[in-house]
Amino acid sequence: MPFFIVFLVTPIAVAVALYRRNPRRFLDGPTEDAPLRLLRWAVSLLSPQRAEWGHAMLGELGHLDGRRRRMRFALGCAGAALILPPWGRAAVGLWAAIGITAASFTIYAGLTVHYQLGVGGWISLAVVLIICGGYLLGASALLRRPGIALPGLLGGVFATMVGLSMAGFTALDQVTFIPSPWQQWVRVIAVPAAIGAAGTLWRRDPAAGRRVARLAALSAGLLQLLYGTVAVAILGSGGPPDAAGGGTVGGTVNERLGNNFLDLLVGTLIIAMVGWAAAALAGYLLRRTPTPAAPLATDPVQEV
Amino acid sequence: MQRNRRPSPQTVNVLRALAADPARWRYGYDLATEVHLKSGSLYPILVRLADRGLLETSWEPGVGSRPPRHLYRLTGAGREFVAALTAARRDRSAAHPHRRLSEA
């Protein structure tokens, strides 16, 4: 049930939020077109030491005419802005994410070769690589936002640990775990909502809370993928028989790897969306909470 | 710690384009077009060159609704670096004449 709620509400909530944030987002005007918006976003990711180069790219774009030429220039600059150092502490987080992804991919590839999963297995591996590449790109953008890296990565570890605590830490637990209704609510609603709300309260900013939730979702997804892939490597086709795998060794392994991939996508989406909603709600409540008045420096009665 | 790696062929092309008329200020897009580089490759090169003190930058004021524009040219150190690169290349070519013929 919680899955259905999340999947039904997600697209509507995203559309409403984007439209409310900026109704002109979907419209091109003479001074505000897609290349300019893309480049502004990319430039906002640059470190303060590189801000001048961001202005240089924007200035150059302002002198280019023709939508196609502008878009090609903006795409190139956006790519450059994403890789331009220095990143400071964010680099550590990104290298950790790259390491986790590389480990998952290597084990996945090893399983594909060892169990001779065939063309389908290689296609699945390529899809996983593309998706993980997207995750890393998203994480690299989020990690460079000030004050997001630490709470976002901690949120990802927290979500992973809660999930593992409920399922159990052994390889067999990863394959056989079927959550009860209350565990489902904890995984799907409580934990993501706690991450989003905590992110908002941490920075006292709902936008930061939403970014924390997104980074937590990406990092939790990558961590869970690694753990699940390691579990399949340990278990192979052992453990309980998997009817969906067709009863063969390769089929069972393939099925388990496929389940991990689905968990990656669904888990990420749920944490990001529920966390995002909780961050927005926490921000709304923060705004409504009256701030206590500052105490008077002197007693007005005595002044009279 | 500053690393002194040999510059990439793309970086050498940018340096040569800048060294062709070292006193002239150049725009980023024009430079990219001249050396057939995409903006995503050109700007990281310009940033590295500026970090190493080989490139100086300036701003051209905006005109009308157009924003200010960044300008680039080689510093004195940049010109010396290009001269040293050219000399090193000439020496290598002299030491390996066959290679030069095969490159031609």
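This is a predicted model: local features need pLDDT of at least 70, side-chain atom pairs count only at pLDDT 80 or more; totals for chains, interfaces and linings use all residues.
Helix 2 of chain A covers residues 34–43 and helix 3 of chain A covers residues 51–61. Their axes come within 10 Å and cross at roughly 170°. An angle over 145 degrees counts as roughly antiparallel, and helix 2 and helix 3 of chain A are therefore roughly antiparallel to each other.

Further along chain A, the UniProt record, an unreviewed entry, annotates "transmembrane region" over residues 94–115, 121–143, 150–172, 184–203, 215–235 and 264–286. Two of these spans can be compared with the model. Residues 150–172 of chain A are 87% helix and 0% strand, with the end C-alpha atoms 32 Å apart. Residues 184–203 of chain A are 100% helix and 0% strand, and the end C-alpha atoms of that span lie 29 Å apart.

Two packed helices are described by the angle between their axes and the distance between the axes. The crossing of helix 7 of chain A past helix 10 of chain A is right-handed. On the side of helix 7 of chain A, the contact includes Gly152(A), Gly155(A), Gly156(A) and Gly163(A), along with Ala159(A) and Leu164(A). On the side of helix 10 of chain A, the residues include Arg211(A), Leu215(A), Ala216(A), Ser219(A), Ala220(A) and Tyr227(A). Sorted by class, this contact has ten nonpolar, seven polar and one charged residues.

Chain B holds an open sheet of three strands, in the order 1-3-2, with antiparallel pairing. The edge strands of chain B are strand 1 (26–27) and strand 2 (55–60), each of which pairs on one side only. Strand 3 of chain B, residues 69–74, pairs with strand 2 of chain B over six bridges, in the antiparallel sense. Within that pairing, Trp59(B) has His70(B) as its bridge partner, and Ser58(B) has Leu71(B). Strand 3 of chain B also pairs with strand 1 of chain B, again in the antiparallel sense, over two bridges. Here Tyr27(B) stands opposite Leu71(B).

The two chains also touch each other: 14 residues of chain B are in contact with 16 residues of chain A. On the side of chain B that touches chain A, helix 2 (28–34), helix 3 (39–51) and strand 3 of chain B each supply at least two residues. Helix 3 of chain B gives the largest share of that side, five residues. By class, the side of chain B that touches chain A has seven nonpolar, four polar and three charged residues.

Notes: Residues are numbered from 1 along each chain as its sequence is written. Chains are lettered from A and ligands numbered from 1 in the order in which they are written. Two strands pair if DSSP finds at least two bridges between them. Helices (H or I, at least four residues) and strands (E, at least two) are DSSP runs, numbered from the N terminus. Two residues are in contact if their C-beta atoms, placed from the backbone, lie within 7 Å. Ala, Val, Leu, Ile, Met, Phe, Trp, Tyr, Cys and Pro count as nonpolar, Asp, Glu, Lys and Arg as charged, and the others, Gly among them, as polar. UniProt positions are given in the numbering used here, feature names are shortened, and annotations may be inferred rather than shown by experiment. A crossing is left-handed if the near helix is turned anticlockwise from the far one by less than a right angle, and right-handed if clockwise. Axes are lines fitted to C-alpha atoms, for helices over the stretch in contact, and angles run from 0 to 180 degrees between N-to-C directions. Angles under 35 degrees count as roughly parallel, over 145 as roughly antiparallel, 65 to 115 as roughly perpendicular and the rest as oblique.
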